[in-house]
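I opened this notebook page to record what I looked up about charged side chains and strand pairing. The entries follow in the order in which I made them.

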Amino acid sequence: MMGTPDVWVRVNSVTFGSRMVRADTVEQVRWDGKTPQHLILTLHGGDEVRQDVRPGEPIGDMDDTEGPDLAEHLVSAIARAADRPGGHMLDLKRDENTGAVGWFRTPLVDKPWAG
């Protein structure tokens, strides 16, 4: 019997702190041009958490599509991770090879527990 996928999103903000949220509690992901430094994740029950769009980097040269693209990519990353067995963590990171910021999935457990 396969377990239910367990997907978490690590949400980091220099201003608002960091926390982990279960992906199945995320009801909406949006980017507001009035506060372009954050993605806003609305959780079940109305709580909002904010993710720095460019952790530790200036946002002055962002174009109008970068924030919405990251929001859309998070929703896609949640769907892809939920379609895989086991537990997963999604983090917003800079790709060391391309320099682009994106959502990266890592397993919550690297190998089965040996008991």
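I began with aspartate 63, which sits in the loop between β5 (48–52) and α1 (66–82); helices (H or I, at least four residues) and strands (E, at least two) are DSSP runs, numbered from the N terminus. The model is a predicted one, in which local features need pLDDT of at least 70 and side-chain atom pairs count only at pLDDT 80 or more, while totals for chains, interfaces and linings use all residues. Residues are numbered from 1 along each chain as its sequence is written, and side-chain values use heavy atoms, with hydrogens and water left out.

Aspartate 63 has a relative accessible area of 44% and is therefore partly exposed, where buried means under 20%, exposed over 50% and partly exposed in between (1.4 Å probe, protein chains only).

Next I searched the whole structure for salt bridges and noted six, each being a side-chain nitrogen of Lys or Arg within 4 Å of a carboxyl oxygen of Asp or Glu. One of them pairs arginine 22 with aspartate 6, with the closest N and O atoms 2.6 Å apart. Arginine 22 belongs to strand β2 (residues 17–22) and aspartate 6 to strand β1 (residues 6–13), so this pair ties together parts 16 residues apart in sequence.

I then found that arginine 22 also meets aspartate 24 in a salt bridge (3.0 Å, N to O). Shared partners join Asp6, Arg22 and Asp24 into one network. Within it, aspartate 24 is exposed at 58% relative accessible area, whereas aspartate 6 is partly exposed at 23%.
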